[in-house]
Amino acid sequence: MKTLFELNPALDRGALAQRFADTGRVQIRDVLTEEAAQEILTVLTKGTPWGMATGAGDENRQSFPAEMMRTREGQQEINAAANEAAQNSARGEYGFRFAHYPILTAVQEGRNPGGPHEILIEHLNAPEFLGLAREVTGINALVKADGQASLFAPNHYLGRHIDSHVAEGWEVAYVLNFAPPNWHPDWGGYLLFMDDDGDVVEGFRPRFNALNLFRVPQSHMVSYVPPFAPVGRMAVTGWLRSQ
């Protein structure tokens, strides 16, 4: 019986909580046991039908399923949406483009009942993970997590934004990283935090088996992945909610 999700029992939760209290963000390295981390990596690399997510402003967000990427017409539609996102970004407005698989939506639609993605989202909503999140963030009101799988390949990025959906119960954003251990700074894909002047005040390198938690709203972005970077900056991401 393989272990899909198991927290590392050696985490120094007190130190992590102090770090979050001081800055509103923390990276928890080696958050899962090695066996669990490798199993999720296998699900992401071999069992995930990657589609594409694009956005040109807060209102124009699109999710394209994997099937569309296999047809000429679908590729044309995706490229048009990606170009629109790039034009937004060129004007200094919000835009993004990255591969993704909407885990929660797929589960709600019954795409693969009992499959590994359904089990994964159940673990993200289980007492063990939510308990860790509450303990580290100090936010006892966290009651559930949503989730998607994301893959930042060459030419992908997530523009600066703040995640201001407080009315929807968003409290904390999370990024459970499964990037290659040798991920190089030149390959981009960093989670960056900015101040009001646009200066980077902190950045988290994509690390294998590392969980980023940060309070929202907070100005942040994922830096552009250049053409020479390898494919493989994978993660499970979403928000921890109070409703």
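**The cavity and its surroundings**

Guide: The lining of the largest cavity consists of Y101, A106, V107, R111, N112, G115, H117 and E118. Two elements each supply two or more of these residues: α4 (103-108) and α5 (116-124). By class, the lining splits into 3 nonpolar, 3 polar and 2 charged residues. The space inside comes to about 50 Å³. A search of the whole structure turns up 1 cavity of 30 Å³ or more. Keep in mind that this is a predicted model.

Strand β4 covers residues 95-101. Now follow β4 to its partner. Strand β2 (residues 51-56) runs antiparallel to β4, and 6 bridges join the two. Within that pairing, A53 sits opposite F98 of β4.

β2 has a second pairing. Strand β3 (residues 61-64) is antiparallel to β2 over 4 bridges. There, T54 has Q62 of β3 as its bridge partner. β2 and β3 make a hairpin, with 4 residues between the strands. G57 lies in that turn and has a positive phi of about 90°.

How many of the residues of β2 are buried? The count is 6 of 6, so the strand is mostly covered at the cut-off of under 20% relative accessible area. In a regular strand, side chains alternate between the two faces of the sheet. In β2 both faces are covered. One side carries G51, A53 and G55, the other M52, T54 and A56, and all are buried.

Next, strand β1 (25-29). R25 is in this strand. With a relative accessibility of 11%, R25 counts as buried. Setting aside neighbours within four places in sequence, the contacts of R25 include R19, F20, F193 and V201. E202, F204, L213, F214 and Q218 are also in contact with R25.

Charged pairs come next. Side chains of opposite charge can pair when their charged atoms come close. The total here is 7 salt bridges. One of them joins the side chains of R13 and E135, at 3.1 Å from N to O. R13 belongs to helix α1 (residues 13-23) and E135 to helix α6 (residues 127-137), so this pair ties together parts 122 residues apart in sequence. R13 is partly exposed, at 25% relative accessible area. E135 is also partly exposed, at 43%.

A second bridge links E93 and R91, at 3.5 Å from N to O. E93 is partly exposed, with a relative accessible area of 42%.

A further bridge joins R241 and D146, at 2.8 Å from N to O. R241 is in strand β13 (residues 233-241), and D146 is in the loop between β5 (144-145) and β6 (148-152), so the pair connects parts 95 residues apart in sequence. R241 is buried, at 16% relative accessibility. D146 is buried too, at 9% relative accessible area. Salt bridges with shared partners also join R19, R25 and E202 into one network.

Last, the backbone. Most residues other than glycine have a negative phi, and most peptide bonds are trans. Where does the chain depart from this? D30 has a positive phi, near 50°. D30 is in the loop between β1 (25-29) and α2 (34-46). D30 is partly exposed, at 44% relative accessibility. N209 also has a positive phi, near 60°. N209 lies in the loop between β10 (200-204) and β11. At 2% relative accessibility, N209 is buried.

The peptide bond between V216 and P217 is cis, with omega about 5°. P217 falls in the loop between β11 (210-215) and β12 (220-222).

Methods:
Residues numbered from 1 in each chain as written. Predicted model: local features only at pLDDT ≥ 70, side-chain atom pairs only at ≥ 80, totals over all residues. Heavy atoms only, no water. 1 Å grid on protein atoms, 1.4 Å probe; cavity = no way out; pocket = protein on both sides within 12 Å on 5 of 7 lines; lining within 4 Å. Points joined across faces, edges and corners; volume = space filled by probe spheres on them. Nonpolar A, V, L, I, M, F, W, Y, C, P; charged D, E, K, R; others polar. Buried < 20%, exposed > 50% of the residue type's maximum accessible area, 1.4 Å probe, protein only. Contact = heavy atoms within 4.5 Å. Salt bridge = Lys/Arg side-chain N within 4 Å of Asp/Glu carboxyl O. Pairing = 2+ DSSP bridges.
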